[in-house]
Each structure stands twice: as structure tokens, then as C-alpha cells.
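Let's take a walk through a protein together, one stop after another. Keep the picture open beside you and look for each place as we reach it.

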Amino acid sequence: METSKLTAEGIIGEAVRIGAKMSGGEFPIEIFPIRILRIISSLHYCQGYPVDYVAAAILAAIAVGIGNSHLVQVKRNWLESPILYMALIGRPGANKSHPLSFAFQPFIEHDYCQNQEYQKLYAEYERTMSMSKKERMEAGLDEFPQAPVRRRFLVSDITPEGLSLIHAQNPRGLCLWSDELSAWFKNFNRYNNGSEEQFWLSVFNAKPTISDRKSTQSSIFIRRPYISVIGTIQKKILGELVKGERSSNGFIDRILFVMPESVLKSRWNDRETPEELEIQWQQIIDKLITQDCPHDENNELQPQCLPFDENAKQRLYGWQHENARQCDMETNDALVGIYCKLEIYIIRFCLIIQLARWTCGECDKHTIDLESVNRAILLAEYFRTTAVKVQTTVSQEQLSELHRNIYLNLPHRFTTAEGISIAESYGMKEHAFKMFLKRHIGTLFRKENHGEYSK
């Protein structure tokens, strides 16, 4: 098949054949509609973008497109927003940023156009404000003109106060997009000790936020905030995420990690992504962000709420019961925290997947159906696996030199007695090794049978 004659159908067939081998192929891309599968496969085959990164970026973009326009309803007073905190992990040159740029290009175009319109309106506003009250009235203009508002979806480095102001002007929701995600959490508490981290913990749960602005007498009250976060991070600085209280206050449990097993450096080629697929992606996002959202008498946005149909609800409950059983049996508190947050995320995944399928004409959006729940379960289990990988990586980085030497010299599978013998050869006593083993079950070690472990 010649490069110049590749079609969208040819590309998806070729990408499916080689996709898993080149990218690690762990992300369950089958959760997406066929139209989106074609886009993911095309970007992988033509541009060399790792499948995991492309799929995750597209998932996040769909979530931002939904924003506060739709909620998923579990029970009468239990509603969830499709808020995601996501980190794409990889070494330098792993092609993390380009998939993000592609997925969020429709929002960049939207924000650029809106900014152009805002500049025109603001120039007109300044011209009007330069007129006297009498001149405005004679010209048939408003006596007290209102400053225009810049509509947008994306923000970057910003304080919670500034973010609250922008969110108040954009109730559909926002996304903090940071190419280097470490800049986000490293800047926590730069102005007020503890406040910024608490802000993000609260926003994750869509709790009301109140910002008292220093420059005015008024406060900004956001009843149901929607702010997703996405960015990239290098594997070698993952340890920064657990500094301070972030390892104990549930902050790290809120982050969805995308970390392929191995990502080969992409090779340049002459293949071009079909233009029609790029147009289709723009249309998918446009369908989400151009939906009309009704407002109540107080001008508050009124989202559409999607309940679960009965079959979907029973499937979801079955998954949760199994997840709860794993929590009860798990001795590692870090993993228990992750499993608990997955129960929130799987509900959000259901909404995102249902709306993704709706944009592609595969279903309606009256309820969450069984198919969306089944796909959300695949996604939740993927993120369970990547979270454990991150915990393992962080645990390794935090080991002392003695513990690291012992860990590296243990065979892949060993008995307690064999581990004690190796530990003692490095000067570690039996009880200390057993404590080391127990503390890292679920991350560095897995218990296979009584007295038998693996790394």
C-alpha cells in the first residue's frame, strides 16, 4: 500500500496490526466509538504517537467538552461531573505533548476565536466608556455598559483566585492544561500555606468554591465548579508528587496516570494523517461544546442529568462490590486510597463514554446504558494497573541505599527464608526485613502463597 494512497480504513487496519507492539497497547481503546478509534489509530500509525497517550488525551478532551453541561446521577442527591485529573508519564522525547496538542486543538481554536471577538468588544467597550453619560444616551447606548467577557476553556499557570474569576465567567467549565505538570503541584502553597492544595482537593469533588477578592467588596461563589487538569510529567520526578501531605491527604489518589510499559522513540515517516479524520475530531468536540445549556431564573446553568438504566446500574454495583472486597483484603493503605477513588472515577467514565458514543451517533443520551458501564469498567481497571505502577516507582525512589540493594538482589520470586538470607548478607536483621516486606506488599512485592513472594 503506497503512502500517498492510504485511506482512513487502510490506516486503522494497519494500526491495529502493529499498534500493541509499538506502544505497549495497554489502554483499552475499544471503549471508544469507531470514529474515534480511527483517529487514534491514524495518529499512531502516521505520526508515531503512542496509543496510550493519544487515547488518554482524547478521553480528557471529551470530558472537558462535556464540562458542566451534563452530570451523571447515581442516586437522587448523588451527582458526578466528568472532572479528570490526568498525568501522562514518560521519559523525555516519549511523544507525550503532541497527542495533547492534537486532542485539545479544537479548544485552542475556540479560545483563539473567542479572544479575537473579545478584543473587538473590549475596544468598543473602552470607546463607549470614554464617552460621557449624556453622549452615551444620545447615541442610544446603555447608560451603564457592561464589560465584555472572554469565553474560554483552557487556562495555564494561574492562582485559585484568578481561576475562580475566569470560571465565574465561564460556567460550562475549564481545563488547566500544563505541558509540564510538575509546575502545577510544585507551585502549591506559594502564596498561602496549604490553601491551594486544599482548593484542588475540593474542586475534584465539585464542591462549591468561594473566592473573596481583595480588590473588591464582593465574593465569587461557584456552586458547582468544573475544572479538569491534564499535563505531562517525567518519570524521574514522580517522587515530587508524594512530598508534604500529598501522600496522605488523598491528592495523589485523585490523579489518573498514563504510563505505558515501554515507549520506543518514534521514527519519522512520510505518512500523513487523513485530513477528514482531523475534521471529524473537530466536529466531535464542536458537537459537545455548542450544545445549548438552559439556565434557571437566577441565570444558573442547568445541566442535563443522566441516570443509569437498570441493567447498567446492576453491573456497576457488581463492580463496586468486587472493588470493595479488594479494599477489605488490601493491607497497603496507599492502594486502598486508589481503589476508593476508582469508585468515583468509574461513574465519571460512564458519562464520558456515553457522551462520546452519542457524538458519534452510536446511542442516545437519556440514560447511561449497560454498554457504557462495561466499557467504563475496562477503563477503571486500566487506571488501577497504572496507579499501582506509579506507587511501585515512587516506592523504589524512596528506598534507602540498603533497602534498594536488597530489593535489587532479591530474585523475581523468593521465599521468606530466601529473602531473610539475602537481607542478612547486607546486615539487615530478620524482623527488619519482614517489616520491609510487609510495608511494600502491593507495590514492590506481591504475595503469591504463604511464605512465597514475587517482585
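Start in the loop that joins helix H9 (195–204) to strand S6 (209–212), where you will find Ala206. Keep in mind as we go that this is a predicted model. The phi angle of Ala206 is positive, about 55°, although the residue is not a glycine. Is Ala206 buried or exposed? With a relative accessible area of 7%, Ala206 is buried, because anything under 20% counts as buried.

Asn95 sits in the loop between strand S3 (85–89) and helix H4 (97–103). Its phi is near 65°, again a positive value in a residue other than glycine. The relative accessibility of Asn95 is 14%, so Asn95 counts as buried.

Strand S8 covers residues 227–233, and Thr232 is part of it. Thr232 has a relative accessibility of 1%, which means that it counts as buried. What surrounds Thr232, once its neighbours within four places in sequence are left aside? Thr232 is in contact with Leu88, Lys96, Ser97, Leu100, Ser178, Asp179, Glu180, Leu181 and Ser182.

Another strand to find is S10, made of residues 304–307, and Leu306 belongs to it. At 0% relative accessibility, Leu306 counts as buried. Not counting residues up to four places away in sequence, Leu306 touches His70, Leu71, Val72 and Gln73, and also Leu351, Gln354 and Leu355. Lys365, His366, Thr367 and Ile368 are touched by Leu306 as well. For a sense of scale, pick out Leu306 and Phe32: these two are 274 residues apart along the chain, and their C-alpha atoms are separated by 19 Å.

In soluble globular proteins, nonpolar side chains tend to be buried together. Here the largest nonpolar core has 113 residues, and those with the most contacts inside it are Phe32, Met86, Phe104 and Phe383. Which helix gives the largest share of this core? The answer is helix H12 (residues 333–359), with 15 residues. Zoom in on Phe104 and you can see some of the packing: setting aside residues up to four places away in sequence, Phe104 touches Ala57, Ala60, Ala61, Val64, Leu154, Cys175, Trp177 and Ile230. There is also a second, separate core of 15 residues, which includes Leu399, Ala423, Met428 and Leu444.

Next, let's see how helices meet. Two packed helices are described by the angle between their axes and the distance between the axes. Take helix H2 (residues 34–47) and helix H3 (residues 51–66): their axes come within 9 Å and cross at roughly 140°. That angle makes H2 oblique to H3. The crossing of these two helices, H2 and H3, is right-handed.

H2 has another partner, helix H10 (residues 275–289). The axes of H2 and H10 lie 10 Å apart, and the two pack at an angle of about 130°. H2 and H10 are therefore oblique to each other. H2 passes H10 in a left-handed crossing. Where they meet, Arg35, Ile36, Arg38, Ile39 and Ser42 in H2 face Leu277, Gln280, Trp281, Gln283 and Ile284 in H10.

Our last stop is helix H15 (residues 416–425) and helix H16 (residues 430–439), whose axes are 9 Å apart and which pack at an angle of about 120°. H15 and H16 are therefore oblique to each other, and H15 passes H16 in a right-handed crossing. Thr416, Gly419, Ile420, Ala423 and Glu424 of H15 make the contact with Glu430, Phe433 and Lys434 of H16. These residues divide into 3 nonpolar, 2 polar and 3 charged.

Note on methods. Residues numbered from 1 in each chain as written. Predicted model: local features only at pLDDT ≥ 70, side-chain atom pairs only at ≥ 80, totals over all residues. Heavy atoms only, no water. Axes fitted to C-alpha atoms, helices over the stretch in contact; angles between N-to-C directions. Helix = DSSP H or I, 4+ residues; strand = E, 2+ residues; numbered from the N terminus. Parallel < 35°, antiparallel > 145°, perpendicular 65-115°, else oblique. Left-handed = near helix turned anticlockwise from the far one by under 90°. Core = buried A, V, L, I, M, F, W, Y, C linked by side-chain atoms within 4.5 Å. Buried < 20%, exposed > 50% of the residue type's maximum accessible area, 1.4 Å probe, protein only. Contact = heavy atoms within 4.5 Å. Nonpolar A, V, L, I, M, F, W, Y, C, P; charged D, E, K, R; others polar.
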